[in-house]
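Please examine the sequence and the structure shown here.

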Amino acid sequence: MTSYTLQASREWWSQRWLELLDSYRFKKRLERARNYARQGNVLSIEFKGAKVLAKVQGSEVEPYTVSLSLNSFSDEEWGYVIETMSKKALFAAKLLAGEMPQNIEEVFTANGLSLFPFTLGDVHSKCSCPDKANPCKHVGAIYYQLGDRFSEDPFVLFQLRGRTKEQIIHNLRQLRGAKPKANTPATSEIPHTITPQQPAVNLNAFWEYHEPLDSSLVVIAPSMGDTVLDVLGAIPLAKTEDEAVSVNAGDVVMKYLDGVYKDVSQKAMLAAMNVGGG
């Protein structure tokens, strides 16, 4: 843990966690806790279910044992939360990518819950040191270390409320109907058929699609290959005398069509993702 140092710039959810300590009136104690966290006095941190167990080296030979936990949500409460997450495409996409949506708290407050504790009293902590104050500097060091853990992995915050990263992602994929990708054969086993000078876009069937869209897709991204404009090339408009030394009219038209094409593609993707529809 000696190489594990506090980050100067933290993610917003990590900062929210540390704001709890800012409300603590014993600032000298907090300074000692920060020093413990920076100087490698936190020997280990591990989860046992939703509880954090840690060893912190103090002034004695034997390290102190620290435990920290929040009130876990019930299975029923987590069911409501994950169902709400799954109905918001952008929320689900970010979480499945390991990111914390900026307004994630809306999902919890909509179900009468709070992801973040309101006060230090909402955090249950114990330390084997003789200090009667809570949090003591050993508990405070764990607060700071957890703040960095949250920056690295926002799902650690969910684990304190009773759900692991694997459980949340599994449940999200189940609710959104995401299917795992099939195993692809080795490269050497894939037959190669080379068709020279074959366009990347089938112009005859460009506007045709006969299969229903899967409404459970998390993200629908358009192909980044050649478009119909790339295949067709520049429009052969005749040049005027004025255009001989200025912008080609064909280039102007192609630039306009390219903008229209990108705008339509973006709106189609947003419509398919049901953005704005909840």
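The points that follow are grouped by topic. This is a predicted model, in which local features need pLDDT of at least 70, side-chain atom pairs count only at pLDDT 80 or more, and totals for chains, interfaces and linings use all residues. Residues are numbered from 1 along each chain as its sequence is written, and side-chain values use heavy atoms, with hydrogens and water left out.

- Four strands form an open, antiparallel sheet in the order 1-2-3-4; strands are DSSP runs of E with at least two residues, helices are runs of H or I with at least four, and both are numbered from the N terminus.
- Strand 1 and strand 4 (124-127) stand at the edges with a single partner strand each, so one side of each lacks a neighbour in the sheet.
- Strand 2 (residues 51-56) and strand 3 (residues 64-69) pair in the antiparallel sense over five bridges; pairing requires that DSSP finds at least two bridges between two strands.
- Leu-53 has Ser-67 in strand 3 as its bridge partner.

**Asn-41**
- Asn-41 lies in the loop between helix 2 (27-38) and strand 1 (42-48).
- Asn-41 counts as buried because its relative accessibility is 15%; buried means under 20% relative accessible area, exposed over 50%, and partly exposed in between, with a 1.4 Å probe and protein chains only.

**Ser-114**
- Ser-114 is found in the loop between helix 5 (105-109) and strand 4.
- Ser-114 is buried, with a relative accessible area of 14%.
- A polar atom of the Ser-114 side chain lies 2.6 Å from the backbone oxygen of Phe-116.

How values were computed:
Polar contact = N/O pair within 3.5 Å; in protein donor to acceptor, adjacent residues only side chain to side chain.
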